[in-house]
Amino acid sequence: MTQTLSHRPLSPADLPPSSALRTLQVGFRRLRCRECGAEYEPVAKHVCDLCFGPLEVVYDYDWLKSVVSRQSIQAGPLSIWRYRPFLPVLSERPIDVGTGMTPLVKAERLGRRLGLKNLYLKNDAVNMPTLSFKDRVVSVALTRAKELGFTTVSCASTGNLANSTAAIAAHAGLDCTIFIPADLEAGKVLGSLIYNPTVMAVEGNYDQVNRLCAEVADRYGWGFVNINLRPYYAEGSKTLAYEVAEQLGWQLPDQVVIPLASGSLYTKIYKGFQEFVKVGLVAEKPVIFHGAQAQGCSPIAQAFREGRDFVTPVKPNTIAKSIAIGNPADGIYALEIARKTGGQIATATDPEIVAGIKLLAETEGIFTETAGGTTIAVLKRLAESGQLDPEAVTVAYITGNGLKTQEAVQAHVGHPLVISPKLESFEQALERARTLERLDWQEASV
């Protein structure tokens with residue numbers, strides 16, 4: 001692996017001049033510690049040497065404001081790369097597999113069921129190429145990995161990230177090794193193996209997998225998208241904010257509901273909205289940020305409920321494996337956003353998650369995985385408790401496809417009616433089906 005940039009902290013005297021990166025027509029400049037403010041060159045590094053705080057990408061918003069417009073964005077590709085100036089890559093030819101620009105669905109039937117008159121669903125269950133929002137973050141991370149000279153890429157994953165990393169690495173011609181918990185859903189395991197990476201199934205939960213990967217990254221010098229490449233990887237989530245603002249006619253929503261795992265998606269959607277305000281693409285307005293966690297892995301929700309400014313790790317125990325991160329890296333920042341925007345961080349039980357998956361499918365024809373079921377279950381809870389304004393523009397984020405987690409709902413849906421190829425057999429089965437529907441309706445009414 002070729003690595004030519006220093007990892008030392010920068011002093012004000014040796015920060016690179018803005019003009020050096022302006023000539024490349026990109027908005028990012030360097031990395032900055034979110035805790036102590038120390039700045040670093042934009043290399044493969046995610047933790048501050050001085051205080052061990054997380055690093056994030058710094059942009060020149062004055063420059064962005066001078067070169068980016070609604071028209072320039074709309075003239076770009078129908079993918080996340082229409083927002084390239086806001087993303088931490090140098091290449092004018094980034095890895096583009098059609099990721100992004102997923103539908104923003106006006107959910108009228110679900111909205112009527114929940115009493116929400118202006119409900120929208122950002123549907124990344126149909127994102128490309130692997131049917132989850134992780135395709136966004138991986139496209140950015142692997143583009144930056146190639147710029148930094150990595151030839152082998154990797155990740156610690158609960159499934160969706162493994163799928164995305166394997167697929168996009170295959171497209172980019174990069175060697176790939178991924179690490180997953182050994183008890184992962186079969187669909188997600190297959191969804192990685194098909195791209196022929198090396199797959200390591202670790203006998204442990206995600207947090208144990210992540211600790212192992214940190215050691216591997218240090219020993220082998222690979223590019224781990226959610227470890228040493230994490231500052232760049234995380235920025236890809238901002239495109240979910242940009243697209244919603246553009247799809248709403250260049251305005252921000254009033255309130256959002258977002259699933260919480262590490263907390264990164266939640267914080268980066270907030271950052272994306274703020275960036276569009278800073279450069280004048282949308283008018284400033286308050287957006288209330290609500291978060292959704294599975295009750296069986298809800299360290300951020302517990303901290304929120306108890307009024308703490310720190311997050312205590314927990315051991316995951318939920319069907320929602322894709323958001324089952326017991327030690328969330330961005331948990332404290334998610335707490336801060338929820339509180340300052342007036343939002344809630346709520347939980348859903350496993351049965352409520354299954355019911356949320358079914359409710360979304362039955363009302364809007366969208367089959368989501370367990371993370372999306374968590375979002376819908378919490379959306380329902382917040383609506384029924386009066387914590388959502390029924391008149392406000394509400395956006396719920398659906399982050400993955402239900403075909404990946406069929407085990408979660410298999411025992412909770414009906415069975416096909418087996419009939420002979422005769423009209424009489426069909427009519428008998430049809431009457432049985434209608435009778436069952438009436439019984440279900442009566443039971444629900446009671």
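Close-up 1. Helices here are DSSP runs of H or I with at least four residues, strands are runs of E with at least two, and both are numbered from the N terminus. The model shown is predicted: local features need pLDDT of at least 70 and side-chain atom pairs count only at pLDDT 80 or more, while totals for chains, interfaces and linings use all residues. Residues are numbered from 1 along each chain as its sequence is written, and side-chain values use heavy atoms, with hydrogens and water left out. Helix α14 itself covers residues 350-364, 15 residues in total, and spans 21 Å from its first C-alpha to its last, close to the 21 Å expected at 1.5 Å a residue (the expected span being 1.5 Å times one less than the number of residues). Look along α14 for its buried residues: Ile353, Val354, Gly356, Ile357, Leu359, Leu360, Thr363 and Glu364. Buried means under 20% relative accessible area, exposed means over 50%, and partly exposed lies in between (1.4 Å probe, protein chains only).

**Close-up 2. Helices α11 and α13 side by side.** Here α11 (residues 264-278) packs against α13 (residues 331-341) at an angle of about 50 degrees, their axes being 8 Å apart. Axes are lines fitted to C-alpha atoms, for helices over the stretch in contact, and angles run from 0 to 180 degrees between N-to-C directions. The pair α11 and α13 is therefore oblique; angles under 35 degrees count as roughly parallel, over 145 as roughly antiparallel, 65 to 115 as roughly perpendicular, and the rest as oblique. The crossing of α11 and α13 is left-handed, meaning that the near helix is turned anticlockwise from the far one by less than a right angle (clockwise for right-handed). From α11, Tyr266, Thr267 and Tyr270 make the contact, and from α13, Tyr333, Ala334, Ile337, Ala338, Lys340 and Thr341. Contact means heavy atoms within 4.5 Å. The residues of this contact comprise 6 nonpolar, 2 polar and 1 charged; Ala, Val, Leu, Ile, Met, Phe, Trp, Tyr, Cys and Pro count as nonpolar, Asp, Glu, Lys and Arg as charged, and the others, Gly among them, as polar.

**Close-up 3. Helices α5 and α6 at their crossing.** Helix α5 (residues 134-147) and helix α6 (residues 160-172) have axes that come within 9 Å and cross at roughly 45 degrees. The crossing of α5 and α6 is right-handed. On the α5 side you will find Lys134, Asp135, Val138, Ser139, Leu142 and Lys146, and on the α6 side Asn160, Leu161, Ser164, Thr165, Ile168, Ala169 and Ala172. By class, the residues of this contact are 6 nonpolar, 4 polar and 3 charged.

**Close-up 4. The loop between β6 and α5.** Met128 and Pro129 are joined by a cis peptide bond, with omega about 10 degrees. Pro129 lies in the loop between β6 (118-123) and α5. Leu131 is also found in the loop between β6 and α5, and its phi is positive, near 70 degrees, although Leu131 is not a glycine. Leu131 is partly exposed, at a relative accessible area of 27%.

**Close-up 5. Ile258 in strand β11.** Ile258 belongs to strand β11 (residues 255-259) and is buried, at 0% relative accessibility. Beyond its neighbours within four places in sequence, Ile258 contacts Leu265, Tyr266, Ile269, Phe289, His290, Gly291, Ala292, Thr375 and Tyr397.
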